[in-house]
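Open the model in your viewer and keep the sequence beside it. The stops below say what to select and what is there.

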Amino acid sequence: MFITPQTIQAETAYKQERTKREFRATTRREHAERAPQPEPRHARRTLRPTTAA
């Protein structure tokens with residue numbers, strides 16, 4: 001494969017996009033870990049008839 005200015009530019013652009021994507025993914029993952037998990041609800045509460053029924 002020949003090394004031309006175009007191939008160098010293309011590879012640099014590709015690496016920058018990969019870095020951006022990885023950075024976004026890690027911040028999203030960290031936010032998900034830090035977010036409080038919802039408390040589990042009791043099964044009977046979900047089966048109870050509603051006022052609309």
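**Stop one: Lys20 and Glu17**

Select Lys20 and Glu17: their side chains meet in a salt bridge, with N and O 3.5 Å apart. This is a predicted model. The two residues are 3 residues apart in helix H1, which separates Lys20 and Glu17 by about one helical turn. Lys20 is partly exposed, with a relative accessible area of 43%. Glu17 also counts as partly exposed, at 36% relative accessibility.

**Stop two: Arg18 and Glu22**

Next, select Arg18 and Glu22. Here, too, the side chains form a salt bridge, at 3.7 Å from N to O. Both residues belong to helix H1 and sit 4 residues apart, about one turn of the helix. Arg18 has a relative accessible area of 38% and is partly exposed; Glu22, at 46%, is partly exposed as well.

**Stop three: Glu11 and Lys15**

Now select Glu11 and Lys15. The closest N and O atoms of this salt bridge are 3.9 Å apart. Helix H1, which covers residues 5–34, holds both Glu11 and Lys15, 4 residues apart. Glu11 is partly exposed at 42% relative accessible area, and Lys15 is partly exposed at 49%. In total, the protein has 3 salt bridges.

**Last stop: the whole protein**

Select everything and colour by secondary structure: there are 2 helices and 0 strands. Finally, show the surface. The accessible surface is about 5,800 Å², and carbon and sulfur atoms account for 57% of it.

Conventions:
Residues are numbered from 1 along each chain as its sequence is written. This is a predicted model: local features need pLDDT of at least 70, side-chain atom pairs count only at pLDDT 80 or more; totals for chains, interfaces and linings use all residues. Side-chain values use heavy atoms; hydrogens and water are left out. Accessible areas come from the Shrake-Rupley method with a 1.4 Å probe; for residues, only the protein chains shown count as cover. A salt bridge is a side-chain nitrogen of Lys or Arg within 4 Å of a carboxyl oxygen of Asp or Glu. Buried means under 20% relative accessible area, exposed over 50%, partly exposed in between (1.4 Å probe, protein chains only).
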